[in-house]
Amino acid sequence: MTISEALRKAAEELSANGITEPRREAKSLLVLALGNDQIFLIANPTYCLTEPEYKVFWKFVKRRANREPFQHIAGKQEFWGRNFCVTPEVLVPRPETEMIVDRTLKLFQPDSTIEICEIGIGSGCISISLLKELPLALAYGFDISKNALSVAGRNAEKHGVGQRLRLGVSDVFQSIERYGFDLIVSNPPYVPLTEISGLQAEVRDFDPLEALTDGKDGLSIIRRIIDGAPKYLKPGGYLIMEIGFNQSETVKEMFDLEVWNSPDLLPDLQGIPRLVSAKTAIDKDFNSCSD
């Protein structure tokens with residue numbers, strides 16, 4: 001079967017199973033199967049796939065037709081200009097989460113010697129990206145999933161920051177014994193349980209459920225992070241956190257203005273408030289606070 005014929009057959013299969021842009025996805029899957037690039041496909045439409053090549057390609061097509069994310073098939077996803085290993089144990093990194101990195105780099109200079117804490121580190125894409133951009137920084141990443149921590153550790157070694165990233169198991173702040181962070185970042189599970197069934201199949205059926213939802217209204221872990229963060233931050237330290245659609249006003253009201261400066265709500269490219277950024281008051285001592 002030629003490249004042209006294989007792409008046509010794959011696009012038909014993907015389209016029949018609800019995949020948008022089936023031709024584009026078919027090309028991406030064939031590039032992955034051949035270990036080549038799209039220029040090769042364009043330049044060689046009559047190239048005949050070998051039987052092993054076709055079997056690998058069609059296996060990928062069937063997986064994608066079953067709505068498995070392309071990132072799981074490829075085993076990687078780009079984030080902040082770098083490829084990260086992704087597995088079913090972690091969320092697939094998404095473009096809007098890059099806002100956390102962008103916001104941090106607006107607050108801290110490249111030579112900042114800051115210490116970062118990430119709650120729910122997952123693949124490690126946020127902390128690792130920050131460590132690459134802030135070469136004097138240290139980061140501590142926590143997650144309830146040991147499997148996720150393993151993925152984060154592999155990504156840290158891949159990107160050469162393993163010596164500057166400490167990993168540990170913790171349910172939010174429960175097991176964290178270190179204090180005085182300059183920054184806490186998080187992309188917490190904020191999807192209400194009642195909305196899980198309405199998510200795209202690629203997310204609903206393949207991302208880890210505990211990384212998507214708190215099993216409640218989507219706000220309980222956000223609240224725990226906001227309430228607990230002052231104890232672990234330096235005076236004047238920052239919290240930067242991704243939030244969900246229609247949560248911004250509720251989340252803003254969670255900040256005690258005797259503890260925090262008024263939080264900033266930052267919109268994504270669609271104008272939806274997607275990020276909350278807040279700074280603790282510089283004249284307060286929060287060591288008596290609890291998670």
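This is a predicted model: local features need pLDDT of at least 70, side-chain atom pairs count only at pLDDT 80 or more; totals for chains, interfaces and linings use all residues.
Against which strands and which helix do the buried residues of helix 8 pack? They pack against strand 2 (82–85), helix 7, strand 4 and strand 5 (165–169), where contact means heavy atoms within 4.5 Å. Residues are numbered from 1 along each chain as its sequence is written, and side-chain values use heavy atoms, with hydrogens and water left out.

The protein has 12 helices and 9 strands, which are DSSP runs (helices H or I of at least four residues, strands E of at least two) numbered from the N terminus. Along the principal axes, its C-alpha atoms fill a box of roughly 70 × 40 × 30 Å. Of its 291 residues, 53% count as buried; buried means under 20% relative accessible area, exposed over 50%, and partly exposed in between, with a 1.4 Å probe and protein chains only. Among contacts between residues at least 6 apart in sequence, 67% join residues at least 24 apart.

Helix 8 itself covers residues 146–158, and its end C-alpha atoms are 18 Å apart, which agrees with the 18 Å that its 13 residues should span at 1.5 Å a residue, the expected span being 1.5 Å times one less than the number of residues. Its buried residues are Ala-148, Leu-149, Val-151, Ala-152, Gly-153, Asn-155 and Ala-156. Helix 7, one of the elements they pack against, spans residues 125–133 and contains Ser-127. Ser-127 is buried, with a relative accessible area of 0%, and, leaving aside residues up to four places away in sequence, it touches Glu-118, Ile-121, Ala-139 and Leu-165.

The nonpolar interior can be taken next. In soluble globular proteins, nonpolar side chains tend to be buried together. A nonpolar core is here a set of buried Ala, Val, Leu, Ile, Met, Phe, Trp, Tyr and Cys residues joined through side-chain atoms within 4.5 Å. The largest such core has 33 residues, of which Phe-173, Ile-184, Ile-222, Ile-226, Leu-239 and Trp-260 touch the most other members. At least two residues of this core come from each of strand 3 (115–119), strand 4 (138–143), strand 6 (181–186), helix 11 (220–232), strand 7 (233–242) and strand 9 (273–279), and the largest share, 6 residues, is supplied by helix 11. Not counting residues up to four places away in sequence, Ile-226 touches Leu-239, Met-241, Val-251, Met-254, Phe-255 and Trp-260. A second, separate core of 27 residues includes Phe-84, Val-101, Ile-128 and Leu-183.

A search of the whole structure finds 8 aromatic pairs, counted when the ring centres of Phe, Tyr and Trp (its six-membered ring) lie within 6.5 Å, with planes under 30 degrees apart called stacked, over 60 edge-to-face and the rest tilted. The rings of Phe-40 and Tyr-47 have centres 5.5 Å apart and planes at 70°, so this pair is edge-to-face; Tyr-47 is partly exposed, at 29% relative accessibility. Tyr-140 and Phe-181 are also paired edge-to-face, at 5.6 Å centre to centre and 65° between the planes. Because Tyr-140 lies in strand 4 and Phe-181 in strand 6, this pair ties together parts that are 41 residues apart in sequence. Both partners are buried, Tyr-140 at 12% relative accessible area and Phe-181 at 0%. Elsewhere, ring pairs link Phe-173, Tyr-179 and Tyr-232 into a cluster.

The cysteines form 0 disulfides, a disulfide being a pair of cysteine sulfur atoms within 2.5 Å. Cys-85 is in no disulfide, and the nearest cysteine sulfur, that of Cys-125, is 12 Å away.

Gly-35, by contrast, is in the loop between helix 2 and helix 3 (38–43) and counts as exposed at 66% relative accessibility.
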